[in-house]
Amino acid sequence: MDQFLFFLVAFLAVASAVYFVFARNPLYAILSLIVTMFSIAGMYILLNAQFLAIIQIIVYAGAIMVLFLYILMMLNLNKQDESKKNNTLKFIGVFTAGLLLVGVLGVFRGVQDNHIAVENVDRGVGLTKNLGRLLFNEYVLPFELASILILAGIVGAVLIGKKDL
């Protein structure tokens, strides 16, 4: 069942990434990139790394994609702009993807035994609970120093941005 889910999510990620490359409309390209980011988050969940999956959704699929959409709306791209682009970059992209395919096939050819030692897998790795324990027990001083630095940056940005106090 896990392999079926992995292949389903991987197919969705690859298909949406290919659509991103070949999409004519930039808005549809960005939306397919969001689907790619969500499918990568699904792969993290299948790998039992829930924290990375949530960070993937919040940072990439949320914040950065909103920024891309905002920039796209500000640029106001037309159909006339798309026709001016040449096919050289697409050829380079296809050539690079072919090289990547050759590399992946070489890796699969080198794999002789695809058994996974399930009995030696630690199921607690990647859980948010374990990360919280580490942050608040062993790494509490660097964690608090980072929070003070972030707070100082926020206060500095407010002071610079505000004209009258």
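Modeller: Helices themselves (H or I, at least four residues) and strands (E, at least two) are DSSP runs, numbered from the N terminus. This is a predicted model, in which local features need pLDDT of at least 70 and side-chain atom pairs count only at pLDDT 80 or more, while totals for chains, interfaces and linings use all residues. Residues are numbered from 1 along each chain as its sequence is written, and side-chain values use heavy atoms, with hydrogens and water left out.

Colleague: What span should helix 2 have, and how far apart are its end C-alpha atoms?

Modeller: Helix 2 takes in residues 26-46, which is 21 residues, so at 1.5 Å a residue it should span 30 Å. Its end C-alpha atoms lie 30 Å apart, and the two values therefore agree.

Colleague: Which residues of helix 2 are buried?

Modeller: Buried means under 20% relative accessible area, exposed over 50%, and partly exposed in between (1.4 Å probe, protein chains only). In helix 2 the buried residues are Ala-29, Ile-30, Ser-32, Leu-33, Ile-34, Thr-36, Met-37, Ser-39 and Ala-41. They pack against helix 1 (2-22) and helix 3 (50-75). For the protein of 165 residues, 13% count as buried.

Colleague: Why is Ser-39 called buried?

Modeller: Ser-39 has a relative accessible area of 3%, and the cut-off is under 20%, so the label holds. Contact here means heavy atoms within 4.5 Å. Beyond its neighbours within four places in sequence, Ser-39 is in contact with Val-9, Leu-12 and Ala-13.

Colleague: What makes helix 1 roughly antiparallel to helix 2?

Modeller: Axes are lines fitted to C-alpha atoms, for helices over the stretch in contact, with angles running from 0 to 180 degrees between N-to-C directions. The axes of helix 1 and helix 2 come within 8 Å and cross at roughly 155°. That makes the pair roughly antiparallel, because angles over 145 degrees get that name, while those under 35 are roughly parallel, 65 to 115 roughly perpendicular and the rest oblique.

Colleague: Which class has 16 residues in the contact of helix 1 with helix 2?

Modeller: That contact brings residues of helix 1, including Leu-5, Val-9 and Phe-20, to residues of helix 2, among them Tyr-28, Leu-33 and Leu-46. By class it has 16 nonpolar, five polar and no charged residues. Nonpolar covers Ala, Val, Leu, Ile, Met, Phe, Trp, Tyr, Cys and Pro; charged covers Asp, Glu, Lys and Arg; the others, Gly among them, are polar.

Colleague: Now for helix 3. Why does Gln-56 count as buried?

Modeller: Gln-56, in helix 3, has a relative accessible area of 7%, which falls under the 20% limit, so Gln-56 is buried. Setting aside neighbours within four places in sequence, its contacts are Met-37, Ile-40, Ala-41, Tyr-44 and Ala-61.

Colleague: Why is Ile-64 called partly exposed?

Modeller: Ile-64, also placed in helix 3, has 29% relative accessibility. That value lies between 20% and 50%, so Ile-64 counts as partly exposed. Its C-alpha atom is 9.5 Å from that of Ile-34, 30 residues apart along the chain.

Technical notes
The expected span of a helix is 1.5 Å times one less than its number of residues.
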